[in-house]
Amino acid sequence: MARDAVAAGSSDLAREILGKALTPEHTQRPDPDAADAATLYAHLLLIDEGDHVAAGTWAAYAHNACLYLHGRTDERTIAAVLTHARALGAGGDVDDAEELFLVAEDALSTVDHTAARAIIVGVELAEMRHQNALCPSGLELMGDLCTTRADRYGAPDPLAITLLARLGAMYRACGHTNPAETCLQQAAALAATVGDLAAAVGLIAKQHDPYHPDLCAYNLDPSHPIPGVPNLANQIPRRPQRHKDSPAPHDVSSRLPQER
Ligand SMILES: [Zn+2]
C-alpha cells in the first residue's frame, strides 16, 4: 500500500502508512516484509525530510535483516545497503558510508564491475567524497570509473561520456579550470557522436555548486595533488571519408539489376 502511494506520487501518505506500520518491535527480528518496508521508509525519511538519524536506524535494520534473510547479492539487500550508506553519508559519517557503498558496489560487481549499476554506485561514492572535503580521492575515483567503463564499452558509451562530463563539473567546482575544460570538451565532442546525449552533457557542464568552495579540500590545503584527466579524445570516432564520385553508403541503386 505504501508503494502504491509512492507510485501515485504521494510520498507523504506513504511515510504516514509506514510510520504507523513499523514499530520498534520489528527491529528485534528479521522479517522480510518489515525489512522491505523499512528500506522504503528510510529512503522517504531521507529524501523528503532529510531525517538521516531515523533513516539510518530503519536502514540499518533493513540492511541487517536482508543480509540475514536474502544474502549479500540479493537486490533487496543491495537496496537496503545503499539506503543505509546514504543515511550515514548525509549524517557526515563518511567512513562508514564509504564502507557500505563499497559493499554494494562489490555485490553488484559480482558479475561485471564495468556494469552500469556498479559504476553508478561508484559515482555516488565519488560524489560523496567530493562533497565531504575529500576532493582528490573523489576526482580520482570518478576518473577511474570513467576509464574503466570506456575501456570496456568504448568512449562513445553514453555512461562513460556522462561520467566524463560529471568529472569536468567536479574539477570546476574545485577551481581546476584546465582539467575541467579538458573533460567537458572531450565529453561534448563524444556526445556529438551519440544520438541525443549533447543536451544532457550540456546540462551537466552548467552545474554549479556555490557551496563547494567552502569545503573544498584544495581550498583547505592547496598542496593536495590534482588527479590526471582520462584521455578519451583519441577514441572519438572519425566520420568515414567518402570519395566524391563513389555512391553514398545508403545508395543501393548501383547494385540493383539494370533494366534491359
Ligand atoms: Zn573540491
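Predicted model: local features only at pLDDT ≥ 70, side-chain atom pairs only at ≥ 80, totals over all residues.
The protein chain is divided into two parts, domain 1 (1-110) and domain 2 (113-233), and the centres of domain 1 and domain 2, taken over C-alpha atoms, are separated by 28 Å. Across the boundary, 10 residues of domain 1 are in contact with 10 residues of domain 2. On the side of domain 1 that touches domain 2, α5 (75-90) and α6 (94-108) each supply at least two residues, and α6 gives the most, with seven residues. By class, the residues on this side of domain 1 comprise six nonpolar, two polar and two charged.

A helix pair was examined next. Helix α7 (residues 116-131) packs with helix α8 (residues 135-153) at an angle of about 160°, their axes lying 7 Å apart; because angles over 145 degrees count as roughly antiparallel, α7 and α8 are described as roughly antiparallel to each other. The crossing of α7 and α8 is left-handed. Residues making the contact include Ile119, Gly122 and Val123 of α7, together with Leu141, Met142 and Leu145 of α8, and the contact of α7 with α8 has eight nonpolar, four polar and three charged residues.

Finally, Ile226 lies in the segment after α13 (217-220). Ile226 counts as partly exposed because it has 16 C-beta neighbours inside 10 Å, a value between the 12 or fewer of an exposed residue and the 20 or more of a buried one. Leaving aside neighbours within four places in sequence, Ile226 is in contact with His176 and Pro179. The C-alpha atoms of Ile226 and Leu88, which are 138 residues apart along the chain, are separated by 27 Å.

Conventions: Residues numbered from 1 in each chain as written. Helix = DSSP H or I, 4+ residues; strand = E, 2+ residues; numbered from the N terminus. Contact = placed C-beta atoms within 7 Å. Axes fitted to C-alpha atoms, helices over the stretch in contact; angles between N-to-C directions. Parallel < 35°, antiparallel > 145°, perpendicular 65-115°, else oblique. Left-handed = near helix turned anticlockwise from the far one by under 90°. Nonpolar A, V, L, I, M, F, W, Y, C, P; charged D, E, K, R; others polar. Domains from an automatic or database assignment.
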